[in-house]
Amino acid sequence: MVLKIFFPQCCNTADSGLLVGRWIPGHNSAVVLAVVHYPFIPGQVKKYLSEIQSQTQVDLAVLGSWSMPKEGQEGLDSFLKDLSTIFPQKCWLQLSREIGKRGFTCRVVQNNGTLLQDKEQKSDVDGSEEDKIILVHYDQRKVMLSQLHPVQEADQKSEIEPSELRLVFQTVAQSQPLFFLDKYDDGPLKLTHWQSEGREASIIAELLKQASVPVCICLTWLLSLWLWFCSFRILNIPPVKFITSKLSTCVQSGYRAVHFKTVFSPKKADTHMDFMRKANIFVSFLVDIALGLLLISWLYRENRISKLANTLVPVADHVAKELQQLLEWLMGAPAGLKMNKALDQVLGRFFLYHIHLWISYIHLMSPFIERILWYVGLSACLGLTFALSILSDIVALLTFHIYCFYVYGARLYCLKIYGLSSLWRLFRGKKWNVLRQRVDSCSYDLDQLFIGTLLFTILLFLLPTTALYYLVFTLLRLVVVLFQGVIHLSVDFINSFPLFAIGLRICRPYRLAEGVKFKVLCEESGSPLHLMMEINPLKCSSVLQRYRTPTYSCYPKDSWAALCKKLFVGELIYPWKQKTDKTD
């Protein structure tokens, strides 16, 4: 039989005293949590353990004695051994360490007064299985903060029996009130544990925790006012709701409102995943605000707003003139192709008229562009994501004529494609059954076949002219879509990147644990086997996948094959403006 003793690494050089810990139920294992220094009064030790046990609901007890011999303490070992009668246990551990030696000397006294070593000698004579002692050293701080095996609440009872390692982690995590007593505190007991050299939390951090509650309540109240304003009936009518669902700024503001409600909630996070989600959202918000302030400082320096406004109108005029030249080229013989002259002239003049309207609109708005950009730049104080969302909406407004050209060309091309496919089924004696959603056989008379042949010929000869316009305007639309896609990717990267989790993975990797590993520390004859338990951190790819903040995706869920099929048949595509469900 193997006896495993989990010993904290911080107690290797502790003064002589008593071992405080817990026997793991159902397993032949013990977890040492602290060492009570000599001198002490046994009654005070029992009273302190009963108080800690009522707070933690952990069966804490005195497991044995710890001996670290020093000058003037020659008779201390015998005194500590005799304490087994005051603190009765099934097994009394006697751990001792000599200065200059790496290994410990471990003796286990049974409740009947026999030593484990005597049983080992008897088992060697009888030929039965030999009893062994294994000392597993662990870092108490890392085990308590790792969240590898989180403590289950009382109402969360699992049907699977917990493993030995899970019970060890949960015992250390539940015994956190035991670590509040520091050896520098004034009191009747002096203990050694992971906080023996100073508390981790500072006074400033504690004051910030106390001040965060009223701040969160105030921000939650302001957020409730914003949500109440958004719930007005006038904002939910179909035209307004449709426009707000298409604007990236409104989508981003709704996204931030939902996450502010999560972050600034005064309710404490229930699980480790909820805490990590809150922390990642809060850190991403701070980074967003910092980047937005940097953008403001750059824009309002050296009069860059007026320079940008003076550049924007000539660029819009240049784009409109280039489109006008492109249409004039398409109205001739583009690349030597022979087009249908009548349809070519009609389509060209139709699109040229829209370009003239757009140039007039740009010149009408040119006196107000600088003021608009000045107020848009101030929106960066809400974060870089708001500035990028407004930039995406401005690009959509400035290229609205290209979008209109794409819609006109796509609708005309789609009409001809579906007309040709329907007439092609007519030649083969087929018909699309609308009720059953399938192609069925059908018999046509001579007049129907004649009219179908005539229409098929007309649509087929007009298709190259329509397809060329559709191809050109689709390519222009895709250029705008790719630019907006880069902007939306940047916004989603800032919103969803788990910066806090990555920082923990770099600075404190044990907080994001994936498992444990053991390595041999010392294996000497006459002493138990010493193992070191180390925590394996999560891989960076796993951190990004597990702790990434969900976003409201604006991207199409179709595959590349489905997108190519839509482009081929002329269906309208709104890659960055699709209405998608919100995911939490």
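Hi everyone. Helix axes here are lines fitted to C-alpha atoms over the stretch in contact, and the angle between two of them runs from 0 to 180 degrees between N-to-C directions. Please keep in mind that what we are looking at is a predicted model.

With that, let's start with helix α9, residues 272-299, and helix α13, residues 384-398: they pack at about 65°, and their axes are 7 Å apart. On the α9 side the contact is made by D288, L291, G292 and L295, which meet L384, T385 and A387 of α13. By type, that contact has 4 nonpolar residues, 2 polar and 1 charged.

Helix α9 comes up again with α16, residues 499-507. Which residues of α16 are buried? They are A501, I502 and L504. Viewed down the α16 axis, these buried residues fall within an arc of 160°, so they line one face of the helix. That buried set packs against α9 and also against α17, residues 540-546. Over on the other side of α16, I506 and C507 are exposed.

Last stop, the aromatics. The whole structure has 17 aromatic pairs. Y469 counts as buried because its relative accessibility is 2%, under the 20% cut-off. F473 is buried too, with a relative accessible area of 2%. Thanks, happy to chat!

Notes:
Residues numbered from 1 in each chain as written. Predicted model: local features only at pLDDT ≥ 70, side-chain atom pairs only at ≥ 80, totals over all residues. Heavy atoms only, no water. Helix = DSSP H or I, 4+ residues; strand = E, 2+ residues; numbered from the N terminus. Contact = heavy atoms within 4.5 Å. Nonpolar A, V, L, I, M, F, W, Y, C, P; charged D, E, K, R; others polar. Buried < 20%, exposed > 50% of the residue type's maximum accessible area, 1.4 Å probe, protein only. Arc of directions from axis to C-beta. Phe/Tyr/Trp six-rings, centres within 6.5 Å; stacked < 30°, edge-to-face > 60°.
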